[in-house]
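Me: I would like to go through some of the labels used for this structure and the rule behind each one. Please set each value against its cut-off.

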Amino acid sequence: MKLISNRLFAAALFAGAAFLFAPQAWAGSCCGGGGGATLLLPKFYQDMVDVSFDMEQYDGFWNQDGKYTSDPPGSDIRQYRLNIGAARRLASRWQTSIVIPYVWNENKYSGLSSRSDGLGDTTLNLWYEAIDDKSAWKIREFKDLTPSITIGPSLLVPTGISPYDNVNSSFDVTGRGFYRLDGNAVISKTIHPWSASVSLSYGTYVGRSVNEEYGKYVEPYRKNLGDRSSASVSLSYIYYIGSAGSTLTGSGSFSYLHEDDAEINGNRQLLSGFEKNAFGAGIAYSSTDHDWVIRGSWSHAIQRNGWGANFPTTDVYTAGVSYGFR
Amino acid sequence: MVSVNALALFLMLMMFIGCGNTLNDLNPSGSDKRPAVQSGTDGPAVGQNAPDFTISDTLGTGVTLSSVLTGTAVDGVVLYFTMWCPTCDIHMSNMRSTEIPNFPNVRFFAIDYVSGSVAEARSEELANGYAGSGFTVLADTHQSVLGLYQATMGSTIVIDRSGVVRMNEDYKDGVRLQTVLSGLP
């Protein structure tokens with residue numbers, strides 16, 4: 001009985017994780033990016049592989065004052081990302097993962113069109129499961145409300161194509177060009193059939209020298225991007241299909257992202273930071289043995305004034321599948 | 001477990017194989033690699049003679065670079081390449097509030113290289129609030145000027161009145177542009 005309970009609990013976490021860590025789309029051929037992702041291995045699993053595919057549709061932007069502005073008429077700007085990831089448990093409370101995106105940019109304007117592809121930036125993660133969810137089934141006493149807390153650093157490695165590489169056009173960009181170290185925390189509580197999560201992250205880039213811009217050598221300078229903070233909250237409902245134990249989980253989320261202004265040669269680059277708010281929804285199917293999870297999600301940036309600044313407004317559609325090894 | 005190990009190895013391999021074009025990001029260099037340029041030659045590099053061009057502004061009037069440079073009281077020309085994106089908007093907005101008022105003898109051109117017609121370029125100029133801004137918006141509908149100057153989004157080119165390129169790089173924070181404009185002969 002305890003084994004079954006553990007497996008159901010794991011399944012719930014598995015499904016929740018699929019939503020929590022769907023690749024976040026901070027990409028944009030105009031503004032750098034390439035996606036990023038985090039995998040979190042559920043309890044009782046040793047390894048996991050995950051493959052997902054994103055389609056990000058650009059539709060306007062918020063300017064520096066937060067005013068929503070449409071893209072030029074006739075434009076159709078998209079980015080596709082294939083994210084391949086693997087996670088491994090290192091010890092009972094420690095786990096690590098890697099996610100590598102491959103990116104395709106498609107830019108069509110009334111006067112020109114462009115296609116390019118390349119690796120995006122790679123994400124490496126290390127997680128420590130600090131506190132376990134005490135009770136996912138019934139609340140009898142106050143301590144049963146204890147959520148799970150998972151913390152850990154992640155490193156963004158600039159394997160993508162950045163403006164500082166030997167490329168000709170901003171349309172070819174698939175990465176930011178900077179290392180970034182993040183501190184992450186995930187707080188999650190399940191009381192069946194509901195599950196709620198909060199994800200927090202704060203990251204700082206590693207400054208670098210630049211001597212090339214879009215394939216042209218320039219007078220060298222030192223640049224650093226601004227610190228980045230992000231948060232997301234999600235609420236999920238877990239529905240058990242029949243008596244075999246497979247589940248269908250529906251989820252809604254809200255995410256916030258902010259990046260401070262960059263610096264060039266130690267001087268603040270005014271208005272180079274940005275902000276984005278987005279709502280998301282998704283659904284995940286977990287197989288009877290809970291080893292397989294198939295998911296789909298949609299993230300939508302609100303195309304209204306004040307919901308972001310200096311950033312494209314996009315819709316991100318994601319389909320993914322993961323398999324866990326016990 | 002073997003399959004996960006294999007996948008992890010594959011991912012690592014893919015990461016490093018794919019990094020052939022990104023070594024400058026993984027291990028950035030601060031050395032000055034700008035090639036020596038022979039003065040008197042035509043081209044987009046700093047020190048070369050700026051390639052001449054004629055394209056239409058958003059009102060349908062032809063603009064020729066060499067004619068602008070020989071106009072009265074013109075110290076130089078700034079070409080800024082825009083695709084009407086958030087970064088472009090910040091750069092242009094910053095130029096409008098800082099460089100344009102401070103350098104009245106410099107002509108500022110915003111080159112729209114994504115619109116397919118003069119009418120569409122005019123529409124974008126109006127929609128983004130740059131009509132009467134101090135920029136003359138040019139419609140590079142066939143990306144001819146983009147190609148001549150090997151430019152992309154945010155490329156900022158300064159040409160002095162003798163027709164020599166003084167700057168060709170990303171706008172960034174505008175500090176470099178101000179320095180170059182201040183040093184125009």
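Me: Why is B:Lys172 called buried?
Reply: The relative accessible area of B:Lys172 is 7%. Buried means under 20%, exposed means over 50%, and partly exposed lies in between, with a 1.4 Å probe and protein chains only. B:Lys172 is therefore buried. This is a predicted model, in which local features need pLDDT of at least 70 and side-chain atom pairs count only at pLDDT 80 or more, while totals for chains, interfaces and linings use all residues. Residues are numbered from 1 along each chain as its sequence is written, chains are lettered from A and ligands numbered from 1 in the order in which they are written, and side-chain values use heavy atoms, with hydrogens and water left out.

Me: What makes the contact of B:Lys172 with B:Glu169 a salt bridge?
Reply: A salt bridge is a side-chain nitrogen of Lys or Arg within 4 Å of a carboxyl oxygen of Asp or Glu. The N to O distance between B:Lys172 and B:Glu169 is 2.9 Å, which meets that rule. B:Glu169 also counts as buried, because its relative accessibility is 7%.

Me: Which other residue forms a salt bridge with B:Glu169?
Reply: B:Arg176 does, with the closest N and O atoms 3.3 Å apart. B:Arg176 has a relative accessible area of 26%, so it is partly exposed.

Me: How do you know that B:Arg122 and B:Glu125 form a salt bridge, and where do they lie?
Reply: Their side chains meet at 3.1 Å, N to O. Both lie in helix α5 (residues 118-127) of chain B, 3 residues apart, which is about one turn of the helix. Helices (H or I, at least four residues) and strands (E, at least two) are DSSP runs, numbered from the N terminus. B:Glu125 is buried because its relative accessibility is 4%, whereas B:Arg122, at 26%, is partly exposed.

Me: How many salt bridges does the rule give over all chains?
Reply: The count is 25. In chain A, a network of salt bridges links A:Lys43, A:Arg89, A:Arg93, A:Glu129 and A:Asp132.

Me: Is A:Arg176 buried or exposed?
Reply: A:Arg176 is buried, because its relative accessibility is 13%. A:Arg176 sits in the loop between β7 (148-157) and β8 (180-191) of chain A.

Me: What makes the meeting of A:Arg176 and A:Tyr205 a polar contact?
Reply: The term covers a pair of N or O atoms within 3.5 Å; within protein, one must be able to donate a hydrogen and the other to accept it, and residues adjacent in sequence count only if both atoms are side-chain atoms. The side chains of A:Arg176 and A:Tyr205 make such a contact at 3.2 Å.

Me: Why are β12 and β13 of chain A called paired?
Reply: Two strands pair if DSSP finds at least two bridges between them. Strands β12 (residues 228-241) and β13 (residues 246-259) of chain A are joined by 14 bridges and run antiparallel. A:Arg228 has A:Glu259 as its bridge partner in β13(A). The hairpin of these strands has 4 residues between them, and A:Gly242 takes a positive phi near 65° there.

Me: How many bridges pair β13(A) with β16 of chain A?
Reply: There are 13, in the antiparallel sense, with β16 covering residues 274-286. Here A:Glu259 has A:Phe274 as its bridge partner in β16(A).
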